[in-house]
Amino acid sequence: MSEQEQKINTTDEPIEEIQKEEIEQVQAEDPLEEAIARVQELEEQLKTQVEETSKKEQDLLLRTRAEIDNIRRRTEQDVEKAHKFALEKFSKDILNTIDNLERALSTPANTEDEGVKALFDGVELTLKELVATVGRFGVEAVGVVGENFNPDLHQAISMQPAEGFESNQITAVLQKGYTLNGRVIRPAMVIVAA
């Protein structure tokens, strides 16, 4: 054999082997097996998508429940505040009556006259009853001489040096302040020691 024929023969053998391998691969790849593999692949994708959707729905459900709980809690707080402070406007208006009765009792009077004494006793009893009544509904007086100044409860009219009082103590109360269930409805007007 000539050299050329040998070369052709040697090159023909690998081509035939490659062709045989390809034929075997094609024969090995059954269309049914391909379809089964594709179905399994699609099932996995579907399962993944269902899991992701389920997680998103659970997250949305949890968030919705939390929002509903927050709304319920805020509503309960609003209703509680409405009940607690429903009397605020009425309480502010009744404070003027209390102030007027206190002013009436602070005027100098002839206590020897039985008519005047009876009038003062009646005003004093009326004032006590009125203060007790508003106290049952959560209205409390603030601003006592000797108490430390609290800017949340008191309004300082002036500061003056005073003997017997420490700095920042109330030396005089010009007008009592009041709170309704802990909320200031009128600050006390006071003079504070310097």
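Analyst: Happy to! Let's start at Arg-63, which counts as exposed because its relative accessibility is 56%; here buried means under 20% relative accessible area, exposed over 50%, and partly exposed in between, with a 1.4 Å probe and protein chains only. Before going further, please note that this is a predicted model, in which local features need pLDDT of at least 70 and side-chain atom pairs count only at pLDDT 80 or more, while totals for chains, interfaces and linings use all residues. Residues are numbered from 1 along each chain as its sequence is written, and side-chain values use heavy atoms, with hydrogens and water left out.

Arg-63 forms a salt bridge with Asp-59, and their closest N and O atoms are 3.0 Å apart. A salt bridge here is a side-chain nitrogen of Lys or Arg within 4 Å of a carboxyl oxygen of Asp or Glu. Side chains of opposite charge can pair when their charged atoms come close. Both Arg-63 and Asp-59 sit in helix H2, four residues apart, or about one turn of the helix. Helices are DSSP runs of H or I with at least four residues, strands are runs of E with at least two, and both are numbered from the N terminus. Asp-59 has 37% relative accessibility, so Asp-59 counts as partly exposed.

A second pair in helix H2 is Asp-69 and Arg-72, three residues apart, again about one turn of the helix. Their side chains meet in a salt bridge at 3.1 Å, N to O. Asp-69 is partly exposed because its relative accessibility is 40%, and Arg-72 is partly exposed too, with a relative accessible area of 46%.

Arg-74 and Glu-67 also join their side chains in a salt bridge, at 3.6 Å from N to O. Arg-74 counts as partly exposed at 43% relative accessibility, and Glu-67 does so at 40%. The structure holds eight salt bridges, these pairs among them.

Helix H2 covers residues 31-84, and Glu-51 lies in it. Glu-51 is partly exposed, at 40% relative accessibility. Together with Glu-43, Glu-44 and Glu-52, Glu-51 makes up a patch of negative charge on the surface. Such patches take residues with over 30% relative accessible area and no salt bridge, joining like charges within 9 Å and nonpolar side chains (Val, Leu, Ile, Met, Phe, Trp, Tyr) within 5 Å.

To place the helix in its setting, the protein chain has four helices and six strands.

Methods:
Accessible areas come from the Shrake-Rupley method with a 1.4 Å probe; for residues, only the protein chains shown count as cover. Lys and Arg count as positive and Asp and Glu as negative; His and the chain ends are not counted. The place of a charge is taken as NZ of Lys, CZ of Arg, CG of Asp or CD of Glu.
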